[in-house]
Amino acid sequence: MRRTKLTLTRWSADWRNATQYYEQAEFKPWDAAKHMESAAALAMELSIWNEVADFYKRAAELYNECGRSQPASDALAKGARALEDAQPDQAIAMYTDAISLLEDDGKENMVFDLYRAITNVYIKLEKYTDAATFLLRWAVAANKCNALHSQCKAYLSAIVVYLYAHDYKQAEQCYNDCCQIDTFMSSDQGHCASQLLSAYREADVEEVKRVAKSSTISNLDHMIIRIARKLPTGELVAMEVNSLEHGEPLDEDDLT
């Protein structure tokens with residue numbers, strides 16, 4: 001109990017300091033932001049999650065007033081990491097804002113860890129379409145800073161996520177879209193995606209498992225490796241039928 005009381009006292013002091021800096025006519029946003037971060041850290045110790053979010057957001061606003069997108073983004077990311085378990089939706093919103101701050105400032109090379117983090121949260125929440133969407137956004141960011149290997153890994157990761165979600169049609173559409181990018185089509189990741197989709201079309205469970213254990217998959221992020229190792233997640237025959245539902249029926253008497 002004593003520790004809680006002392007922590008509350010420290011928290012109050014940091015909050016007062018931050019408020020004083022903010023209210024002074026000649027306040028320094030940078031100093032106020034630092035105190036906001038301290039208050040957020042103490043609120044985190046006490047599991048006061050709404051305050052954690054509010055203080056880190058305010059810190060980010062103050063850093064942004066200083067024209068410093070990186071520390072602003074870092075503050076939001078700290079808050080998001082702290083809230084992943086307690087308030088995952090809030091964490092996602094803060095990661096998204098952290099990414100936007102950097103991308104709006106032309107710093108796509110600094111967003112990779114943020115995309116990795118938000119994708120992981122979406123996968124834990126079983127929101128696979130959202131996870132794939134952010135992987136594709138990651139690929140775009142990677143392309144802008146000429147990180148072509150990361151771009152191809154993000155494309156393959158999105159396809160794996162769709163397959164894990166038992167959405168072969170979307171996985172195939174994603175692959176077709178990604179193949180418009182020459183770099184992906186000729187890459188190891190592109191070949192791996194092609195092998196996976198072929199195995200699904202042929203309902204070849206063993207081939208799916210073999211490709212899912214390949215070195216190309218093993219070089220993806222841990223969260224993607226983990227779900228890839230569980231492929232296939234459903235009946236491949238059903239997927240094969242679904243992928244042909246808009247095509248011409250097979251005439252078994254016509255073998256020419």
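Residues are numbered from 1 along each chain as its sequence is written. In this predicted model local features need pLDDT of at least 70, side-chain atom pairs count only at pLDDT 80 or more, totals for chains, interfaces and linings use all residues, and side-chain values use heavy atoms, with hydrogens and water left out.

Select residues 49-65, helix α3. Helices here are DSSP runs (H or I, at least four residues), numbered from the N terminus. α3 has 17 residues and reaches 25 Å from its first C-alpha to its last, close to the expected 24 Å; the expected span is 1.5 Å times one less than the number of residues. Its buried residues (under 20% relative accessible area, 1.4 Å probe, protein chains only) include Phe 55, Tyr 56 and Arg 58. Gly 67 follows α3, with a positive phi near 75 degrees.

Next, select residues 128-144, helix α7, and residues 148-164, helix α8. Their axes, lines fitted to C-alpha atoms over the stretch in contact, are 8 Å apart and meet at an angle of about 170 degrees. The two helices are therefore roughly antiparallel, a term for angles over 145 degrees on a scale from 0 to 180 between N-to-C directions.

Show the side chains where they touch. Contact means heavy atoms within 4.5 Å. Among the contact residues are Leu 135 and Trp 138 of α7 and Tyr 155 and Val 161 of α8.

Now stay on α7. Phe 134 and Trp 138 are among its buried residues, and what covers the buried residues includes α5, α6, α8 and α14.

Terms used. Parallel < 35°, antiparallel > 145°, perpendicular 65-115°, else oblique. Buried < 20%, exposed > 50% of the residue type's maximum accessible area, 1.4 Å probe, protein only.
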